[in-house]
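Thanks for coming. I will go through one structure, strands and ligand shell.

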Amino acid sequence: MTSRSAAEAEAIARVEHAADAGDVDAVMRLATWRLLGAPLRRDLHLARALLARAVAIGHVDAALMEVALTANGSGAAPDWPAALALLRIAAANDSVAAEHLALLQAMDIDDDGRPRHLPRPERLSGSPDVVRYPALLTPQECAHIAGIAADMLEPATVLDPVKGTPIAHPVRTSHGTVIGPAKETLPVRAVNHRLAAISGTATEQGEPLAVLRYTPGQQYRPHLDTIAGAPNQRVKTVLVYLNQGFVGGETRFLANGLTVSARGGDAIVFSNVLANGQPDRRAEHAGLPVIQGAKWLATRWIRAAPYDPWNAAAVQA
Ligand SMILES: O=C(O)CCC(=O)C(=O)O
Ligand SMILES: [Fe+2]
């Protein structure tokens, strides 16, 4: 472990002191540090305790974060009923929390936030195996997801292998972000349960929901979603079209030419691996260039086994 500079240690001590004195922003900062794992060691349990303190002093963002972590099991076992109870309390004074509650009230979900019913699937192709669930999400749910992502969108980059600095992504040119565990609202959590249900997987196998926005000229060139040599492979992908009405931007499977046009709220599911777990070339696909308007898409890449978003290489709190 690298030792900290005296100045950094002093800055941390100042924040800890302010937190002890009841400064809510200082408590919130400590909670964020404990979630990020920098500059203090990651401690999700402690982060939860700090958030609860911030909520008690009246911090609204802390309340929404506490709801998210309670539902998705960060720092303790997942507890949907407890998260819902916290959301109801927050909703009494906060319009954002109230909106989340209204979205949930319109959903047909059980006491754990899981879907009671799913739309009837349509098989679009057998090889590759692609299935569509029409209108899996409502327009309001799509707008909620796009709205969370809108503030966080960044151009797609990869690290320059020589210089280590970000450079343009060679395959994907859209803007994107992920809705990490601290930002996973209850409506997003419920949608993630739905995506698990249609793919026959456990919610814990999903990577944080990724959201992409393509503007004219942007595309996702032909690729496989599998990661070469990954021990915990991306076995399935769910794509959710969050809007429609743009020109171009179809999803194309190269093996058979299957071309899927976006309809807002529709989801497609496909498998990326063969029965032996190895990447399946037939799953190669592309997001064709958008010609006019903007295409919004949510992607859930689903692993073979549970995926811990807090121990991924790049955590996005
Ligand atoms: O934009 C599309 O239609 C394809 C997106 C995609 O391939 C992905 O998110 O993995
Ligand atoms: Fe893909």
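Which residue in strand 13 does Leu239 stand opposite? Leu239 stands opposite Ile268.

First, the conventions. This is a predicted model, in which local features need pLDDT of at least 70 and side-chain atom pairs count only at pLDDT 80 or more, while totals for chains, interfaces and linings use all residues. Residues are numbered from 1 along each chain as its sequence is written, and chains are lettered from A and ligands numbered from 1 in the order in which they are written.

Strands here are DSSP runs of E, at least two residues, numbered from the N terminus, and two strands pair if DSSP finds at least two bridges between them.

Strand 9 pairs with strand 13 (residues 267-271) in the antiparallel sense over 5 bridges. Strand 9 also runs antiparallel to strand 16, joined by 7 bridges; there, Lys236 stands opposite Ile302.

Strand 11 (residues 251-253) pairs with strand 12 over 2 bridges, and Thr251 has Val260 as its bridge partner.

Finally, the ligand. The residues surrounding ligand 1 include Tyr220, Asp225, Thr251 and His285, with near meaning a C-beta atom, placed from the backbone, within 6 Å. Strand 9 (234-241), strand 14 (285-287) and strand 16 (295-303) each give two or more residues to this shell.

Notes:
Helix = DSSP H or I, 4+ residues; strand = E, 2+ residues; numbered from the N terminus.
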